[in-house]
There are 2 protein chains.
Amino acid sequence: MESLQVHFLSRLVEPAALRGSTCVIIDVLRATTTIAFALEAGAKEVIPCLEVDDARRCAASLNAGTFMLGGERGGKKIDGFDLGNSPDEYTPQLVGGKTLVFTTTNGTRAMLHAGEADTILLAALVNVEAVTRALLRHAKVDILCAGTDGEISRDDVLTAGAIVDQLLGAVEGLKVNDEAEIAADEWRAATAYGLVECLRVSRGGRNLVELGLDNDIRAAAELSRLDVVPIFKNSRITRLVAAS
Amino acid sequence: MESLQVHFLSRLVEPAALRGSTCVIIDVLRATTTIAFALEAGAKEVIPCLEVDDARRCAASLNAGTFMLGGERGGKKIDGFDLGNSPDEYTPQLVGGKTLVFTTTNGTRAMLHAGEADTILLAALVNVEAVTRALLRHAKVDILCAGTDGEISRDDVLTAGAIVDQLLGAVEGLKVNDEAEIAADEWRAATAYGLVECLRVSRGGRNLVELGLDNDIRAAAELSRLDVVPIFKNSRITRLVAAS
């Protein structure tokens, strides 16, 4: 790896600037965390949809019994959907072998923004180590924080920082931008304060606390618990198979 | 004070959202630092100009001997100008009692972006304490980092963090956004690393190091050395006179 840039919101980088790059999308509370859990639980693939209606239409085109419909609006499960956006809902019993049609706003928007990148991976705290390992083979990496409702969100920034911190330790002479340095400092500060507490008071976390979803924050904070790297390609998210 | 928001770039906040607010502009390497030095040295007022030609036209409308022409492009003094953008050029002998016509891109753009705010103040590390004291009387404060060439710059972010850190200590129950928390963490990290070194490797600092302007970085890092608060009003920057 030669260059690593962090962008605190996807709109802070032009899509054309991502050509030739490996992009990492972070929406840690909760989309990228939940998608990592779903793939770890054996979901065959995840189809991310920007709008609820897109998700319903997509589901209608699939055979009954082959898919689950998941996602949230305002932090809550959507009427008629099988699953919300809590990582622990995504069990092997429910999603194993199935297609997951999933709607989330911030995360999906960031994935679409990165459309010109060579490769698009998804990261959360639960798979920091697996993502970092996968990134080592890529020359130019851009990390896009999804943010919350168009605003920079500390939860995504500190997750980006966790990846930067590992890569700075692993790659000598790595060129990083100022946002990468700030993110790494935020990560170190967060680990000193306590990760769960930092997530709870973040823009993405406060809403979850209000909804009584503390468990989701604790699940999102389980650092490098999962050995899965989601990859977004041809409108689908699957598990990246490591090169031998 | 009730609410304090930091914006890592001025374009991250809509001008209309700044109505009723007190805005603080930060372009620490070097515009807001140099302007603070110039006012401290007795300059009567500073007229900020976006373009070099605007500055020349403005100067042409003033009486000879009443003004100095200052500013930079690419870090260097402009042809035919009296002064560059190094804080230590702005001595009482040169600028005392005079109007300073000053051109700088990032800082001026941020001031113009804040045009709908109630009050616009300028901050740098050299006047953190004076600015913080002035802000305590204002209910809603927005800090705008100018950035460097449209990108988030660590030097501006850590300066914003120095103000946030002081205000969090002074105002109980202060409501801050995630960017304010990240900035405060960056400030604490910067003081642990060493302020001058942090500025040197920042986006704003690297260019100055290349130009051999290390002295300017050291001058910019002299925390709270100046008891001056620049205020931008009616297209002019003057010294804020403290309320009795």
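What radius of gyration does chain A have, and what value would a compact globule with 244 residues have? In this predicted model, chain A has a radius of gyration of 17 Å. A compact globule with 244 residues would be near 18 Å, so the two values agree. Along the principal axes, the C-alpha atoms of chain A fill a box of roughly 50 × 35 × 30 Å.

Confidence was examined for the chain and for the model. The average pLDDT of chain A is 96. A score of at least 70 is reached by 99% of the residues. The model has an ipTM of 0.95 and a pTM of 0.96.

The secondary structure of chain A comprises 10 helices and 11 strands. Contacts in chain A were counted at a separation of 6 or more. Of these, 79% join residues 24 or more positions apart. The accessible surface of chain A is about 9700 Å². Carbon and sulfur atoms contribute 47% of that surface.

Two copies of a chain are related by a rotation about an axis and a shift along it.

Technical notes: Residues numbered from 1 in each chain as written. Chains lettered and ligands numbered in written order. Predicted model: local features only at pLDDT ≥ 70, side-chain atom pairs only at ≥ 80, totals over all residues. Heavy atoms only, no water. pLDDT = per-residue confidence, 0-100. Helix = DSSP H or I, 4+ residues; strand = E, 2+ residues; numbered from the N terminus. Rg over C-alpha atoms; globule rule 2.2 N^0.38 Å. Contact = heavy atoms within 4.5 Å. Areas by Shrake-Rupley, 256 points an atom, 1.4 Å probe, with all protein chains shown as cover.
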